[in-house]
Each structure stands twice: as structure tokens, then as C-alpha cells.
Amino acid sequence: MVEIPDTLRSVFTATIESDDESYTFEIPENEVRHDAIQPGETYRIAVLEAEATTARSESHLSDSPSGSSSAVGEHGSPEPPVEEGKIRDVSVETVGDQGDGIAKVDRGYVVIVPEAQPGEVPTVEIEQVQQNVAFASIVEPDPRTL
């Protein structure tokens with residue numbers, strides 16, 4: 001498993017475009033809207049090969065008990081593996097800068113869970129889904145922490 005540093009601010013999929021002698025990609029608007037990044041600031045960018053990521057995701061999905069699919073949206077990026085209103089168990093891995101629990105589900109998709117701590121496995125309801133992150137609320141705390 002890849003070690004993800006606590007300083008990771010954002011994960012999203014983008015297509016690299018050729019612009020004469022340079023290359024660009026678009027940052028999704030919600031990355032700025034949700035304060036993951038700020039215009040005018042400098043950031044370190046990691047680039048992962050899409051084919052390698054896709055192959056790894058497909059093998060992970062075939063082993064997944066949830067039977068999730070790897071649907072692709074109209075812009076060629078994968079659809080989020082969660083849906084608003086759905087209830088599921090998540091494993092909280094770390095705490096973010098704002099003190100919220102951070103869980104990862106299918107394909108490494110991030111689910112933010114307020115009031116959750118690392119090591120907990122609460123049952124949550126997915127409340128808001130975005131392309132690269134979802135926000136959930138605890139509907140049943142981890143029974144081991146009661």
C-alpha cells in the first residue's frame with residue numbers, strides 16, 4: 001500500500017493538454033471552493049499513470065464485497081464509488097487538518113467523517129458526494145469505542 005503523507009491536500013483526475021511548448025491541466029473548481037488549494041500559491045504535484053491506476057482499481061474492485069463498478073463520467077474520469085444517502089461502514093485512517101476523520105474506500109476515494117478518530121469503523125451516511133471526496137455523518141459509532 002502507498003504511504004500517503006499527512007500534508008496531502010487534494011487528489012483528482014485531470015487530462016494533460018498540449019499548449020505549444022508547454023503542458024497544462026485544469027484543476028477542478030471544487031478544489032478551490034473547498035480550500036484544498038488557493039490561486040496564486042505554489043504546490044507540489046504528483047503524477048500517476050492512468051493505466052496503472054485503472055488496472056489496480058479494477059483488480060481491487062473485483063475483490064470488493066460491495067460489488068462497486070468503475071463507471072466513467074462524461075469527462076472520462078471515474079465516477080465516485082459512493083452515492084448520497086447510502087449507509088456504509090468505513091475505516092477511519094487518520095485525522096485531517098480540520099480535526100475530521102478521514103476514511104478511504106474503493107479506489108482510495110476519500111470520505112470525510114466529522115467526530116471520528118483513527119482506528120474507528122463507524123457506520124456512516126454519505127451526505128455529499130463530489131468528484132474526489134465525500135462527506136458523511138456517523139449514524140452508528142464503532143461498537144468497540146462505546
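Mentor: Take strand 6 as the way in: its Val113 stands opposite Gly101. Strands here are DSSP runs of E, at least two residues long, and helices are runs of H or I of at least four, numbered from the N terminus.

Trainee: How many bridges join strand 5 to strand 6?
Mentor: Four, and the two strands run antiparallel. Strands count as paired if DSSP finds at least two bridges between them. In their hairpin five residues lie between the strands, and Arg107 takes a positive phi near 60°.

Trainee: And what about strand 4 and strand 5, how do they run?
Mentor: Antiparallel, with three bridges joining residues 92-95 to residues 101-104. Thr94 stands opposite Ile102 of strand 5. This hairpin also has five residues between its strands, and there Gly99 has a positive phi near 90°.

Trainee: Before I go on, what kind of model is this?
Mentor: A predicted one: local features need pLDDT of at least 70, side-chain atom pairs count only at pLDDT 80 or more, and totals for chains, interfaces and linings use all residues. Residues are numbered from 1 along each chain as its sequence is written, and side-chain values use heavy atoms, with hydrogens and water left out.

Trainee: What is the mean pLDDT of the chain?
Mentor: The mean is 78, and 73% of the residues reach 70 or more; pLDDT is the predictor's confidence in each residue, from 0 to 100. Over residues 52-70 it is below 50, and that stretch has 15 contacts in the model beyond near neighbours in sequence. A contact means heavy atoms within 4.5 Å.

Trainee: Is Asp20 buried or exposed?
Mentor: Exposed, because its relative accessibility is 79%. Glu115 counts as exposed too, at 72%. Buried means under 20% relative accessible area, exposed over 50%, and partly exposed in between, with a 1.4 Å probe and protein chains only.

Trainee: And Thr123, buried or exposed?
Mentor: Buried, because its relative accessibility is 16%. Thr123 lies in strand 7 (residues 123-129). Leaving out residues up to four places away in sequence, the residues Thr123 touches include Ile87, Arg88, Ser137 and Val139.

Trainee: Last one: where does Phe25 lie?
Mentor: In the loop between strand 2 (22-24) and helix 1 (29-33). Phe25 is partly exposed, with a relative accessible area of 33%.
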